[in-house]
Amino acid sequence: MIDENAVVAADAVVDPAAAVGPFCVVGARARVGAGARLEAGCVLAEGASAGPDARLGPYTVLEAGSQVGAGAALACRVTVCAGTVVGDGAVIGAGAVLGRPPLAAAASTVRATDSGPLILAEHCVVGAGAVVYAGTRLAKNVFLGDGALVRENCGVAERAVIGSGCIVENDVQIGRSVKIQSGAYITAHMTIEDEVFIAPMVVTTNDNFMGRTEKRFALIKGATIRRRARVGGGAVLLPGIEVGRESFIAAGAVVTKDAGAGKVLVGHPARERRDVPEDELLP
Ligand SMILES: CC(C)(COP(=O)(O)OP(=O)(O)OC[C@H]1O[C@@H](n2cnc3c(N)ncnc32)[C@H](O)[C@@H]1OP(=O)(O)O)[C@@H](O)C(=O)NCCC(=O)NCCS
């Protein structure tokens, strides 16, 4: 059913079993699948599509060419930017912005690049107010907490969790089943391997010259955190260091050098204290 106060372009395709609420605008060549439900004030720009049984909350906007998959549920005022793909069964919180094009500040040395659209695979969950940039890919069942920010050119593997208020800068690879807890800061150009655990408010860094000198451009590098390593609350990882497989960085540690596999490191500067106990190692 199409509400009498909705505006639907002549060449839009709205399945007869879809519901289009009052004050919705369905643009040219947009598509609304069977069983989809658009609450009041939704906008589907040119060529956008809402798949079968998708639900769009009030004032949600699908920009040109964006696609929302079957059974996805978007709360109110979600913005799906041009070209973004939201997979089947996704759950997106109120006010989230998906596929925001990167913008560079006038004073920034980093130029915005076009790396294609944001793609969310099936069954991702994105919290209220989260922002994910274009050029990033979230695999199946990724979870982003409320207010999380994930910038461009990141890859997030299946079942990874990025907690509320985390910031993930550009060009970061996050492995399968990684857990990054609330408020952690993940700097640009980091690699975080499968099953890593990062506690709240961890800070990672990538530039020892803090914005000075030309040579810094060649040396900028975030940490590499190997498989199953754990980084405790409030720890600081200095640029370019490697945290070894199954190692354990204590809360508040400042890691200045590579951390060996399976070791507990404590303090600032962090020093090896003991091996990680057998019963804490994952099978
Ligand atoms: C490393 C950790 C497990 C403690 O290790 P531990 O070997 O059991 O240490 P102990 O409690 O026996 O303390 C031994 C000494 O180290 C000190 N110490 C313990 N943890 C420390 C830390 N994180 N930083 C600095 N010193 C620490 C203790 O004060 C104690 O000093 P003392 O001998 O002078 O009294 C703990 O500090 C830690 O980091 N836990 C992780 C918590 C966390 O971030 N969880 C994330 C999810 S919320």
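Modeller: A nonpolar core is a set of buried Ala, Val, Leu, Ile, Met, Phe, Trp, Tyr and Cys residues joined through C-beta atoms within 7 Å. Buried means that 20 or more other C-beta atoms lie within 10 Å of the residue's own; exposed means 12 or fewer, and partly exposed is in between, with C-beta atoms placed from the backbone. This is a predicted model: local features need pLDDT of at least 70, side-chain atom pairs count only at pLDDT 80 or more, and totals for chains, interfaces and linings use all residues. Residues are numbered from 1 along each chain as its sequence is written.

The largest nonpolar core has 85 residues. Leu98 and Ile249 touch the most other members. In the chain as a whole, 45% of the 283 residues count as buried. In soluble globular proteins, nonpolar side chains tend to be buried together.

Take Leu98. Contact here means C-beta atoms, placed from the backbone, within 7 Å. Setting aside residues up to four places away in sequence, Leu98 touches Thr79, Val80, Cys81, Thr84, Val86, Ile92, Leu118, Val126 and Val132.

Now Leu265. It is found in strand β38 (residues 263-266); strands (E, at least two residues) and helices (H or I, at least four) are DSSP runs, numbered from the N terminus. Leu265 is buried because 25 other C-beta atoms lie within 10 Å. Beyond its neighbours within four places in sequence, its contacts include Ser247, Ile249, Ala250, Val255 and Arg273. Ile92, a contact of Leu98, is 173 residues from Leu265 along the chain, and their C-alpha atoms are separated by 38 Å. Along its principal axes, the C-alpha trace spans about 70 × 45 × 20 Å.

Next, the strands. The chain comes to 1 helix and 39 strands. An open sheet takes 12 strands, in the order β2-β5-β8-β11-β14-β17-β20-β23-β26-β29-β32-β35, with parallel pairing. Its edge strands, β2 (13-14) and β35 (242-243), each pair on one side only. Two strands pair if DSSP finds at least two bridges between them. β5 (residues 31-32) and β8 (residues 49-50) pair in the parallel sense over 2 bridges. Val32 has Ala50 in β8 as its bridge partner.

Last, the ligand. The residues around it include Ala250, Val264, Val266 and Arg273; a residue is near a molecule if its C-beta atom, placed from the backbone, lies within 6 Å of it. Ala250 and Arg273 are also among the contacts of Leu265.

How values were computed. Two residues are in contact if their C-beta atoms, placed from the backbone, lie within 7 Å.
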